[in-house]
Amino acid sequence: MKDLNNKVAAITGAGSGIGQALAINLAQQGCHVALSDVDKKGLAETAKILKPYAVKVTQQTLDVADKDAVYAWADKVVKDHGKVNMIFNNAGVALS
């Protein structure tokens, strides 16, 4: 995809690190973003960073280990944004 303007990206793990950097990069290119992370504070910080960009930003606290919650978030993203062009499953789940 060469033109990200007015596309929609759903990003898990968007509260810090690679997920946050990805959200910023996409927003700089005009891409609307649906953010999720288990870290509510980090998620709010990412959304705050994105305020200067003319894109729609939605956010939801989400634990990707909860399959039903992930499906519910996916449905909400489509409802809020009308579509999803890209999904970045950046959040990590560790099992032991």
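Which nonpolar residues form a patch on the surface, and with about how much accessible area together?

1. **Surface patch.** Val78, Val84 and Ile87 make up that nonpolar patch, and their accessible area together is about 260 Å². Patches are built from residues with over 30% relative accessible area and no salt bridge, where like charges are joined within 9 Å and nonpolar side chains (Val, Leu, Ile, Met, Phe, Trp, Tyr) within 5 Å. Accessible areas come from the Shrake-Rupley method with a 1.4 Å probe, and for residues only the protein chains shown count as cover. Val84 sits in the loop between helix 3 (67–81) and strand 4. Val84 is partly exposed, at a relative accessible area of 30%; buried means under 20%, exposed means over 50%, and partly exposed is in between (1.4 Å probe, protein chains only).

2. **Basis of the note.** The model is predicted: local features need pLDDT of at least 70, side-chain atom pairs count only at pLDDT 80 or more, and totals for chains, interfaces and linings use all residues. Residues are numbered from 1 along each chain as its sequence is written, and side-chain values use heavy atoms, with hydrogens and water left out. Helices (H or I, at least four residues) and strands (E, at least two) are DSSP runs, numbered from the N terminus.

3. The open sheet has 4 strands in the order 3-2-1-4, with parallel pairing; two strands pair if DSSP finds at least two bridges between them. Strand 3 (57–61) and strand 4 (86–89) are the edge strands, each pairing on one side only. On average, neighbouring strands of this sheet are turned by 10 degrees against each other, direction ignored. Axes are lines fitted to C-alpha atoms, for helices over the stretch in contact, and angles run from 0 to 180 degrees between N-to-C directions.

4. **Strand 1.** Strand 1 (residues 8–12) pairs in the parallel sense with strand 4 over 4 bridges, and with strand 2 over 5 bridges. Ala9 stands opposite Met86 in strand 4, while Val8 has His32 in strand 2 as its bridge partner. Because 5 of the 5 residues of strand 1 are buried, the strand is largely enclosed by the rest of the structure. The cover extends to both faces: Val8, Ala10 and Thr12 are buried on one side, and Ala9 and Ile11 on the other.

5. **Helices on the sheet.** Helix 2 (residues 40–49) lies across strand 2 and strand 3, and runs at about 175 degrees to strand 3. Gln20 lies in helix 1 and counts as buried, at 18% relative accessibility. Not counting residues up to four places away in sequence, Gln20 touches Gly13, Ala14, Gly15, Gly42, Glu45, Thr46 and Ile49; contact means heavy atoms within 4.5 Å. The C-alpha atoms of Gln20 and Pro52 are separated by 15 Å, with the two residues 32 apart along the chain.

6. **Salt bridge.** How many salt bridges does the rule give? The count comes to 1, where a salt bridge is a side-chain nitrogen of Lys or Arg within 4 Å of a carboxyl oxygen of Asp or Glu. The side chains involved are those of Lys76 and Asp80, at 2.8 Å from N to O. Both residues lie in helix 3, 4 residues apart, about one turn of the helix. Lys76 is partly exposed at 39% relative accessibility, and Asp80 is partly exposed at 25%. Side chains of opposite charge can pair when their charged atoms come close.

7. **His81.** Leaving aside neighbours within four places in sequence, His81 is in contact with Val8, His32, Val33, Ala34, Lys56 and Thr58.

8. Asn6 is found in the segment before strand 1, and its phi is near 65 degrees, a positive value in a residue other than glycine. Most residues other than glycine have a negative phi. Asn6 counts as partly exposed at 43% relative accessibility. Asn85 lies in the loop between helix 3 and strand 4 and is partly exposed, at 32%. The C-alpha atoms of Asn85 and Asn6 are separated by 9.7 Å, although the residues are 79 apart along the chain. Leaving aside neighbours within four places in sequence, Asn85 is in contact with Met1, Lys7 and Val8.
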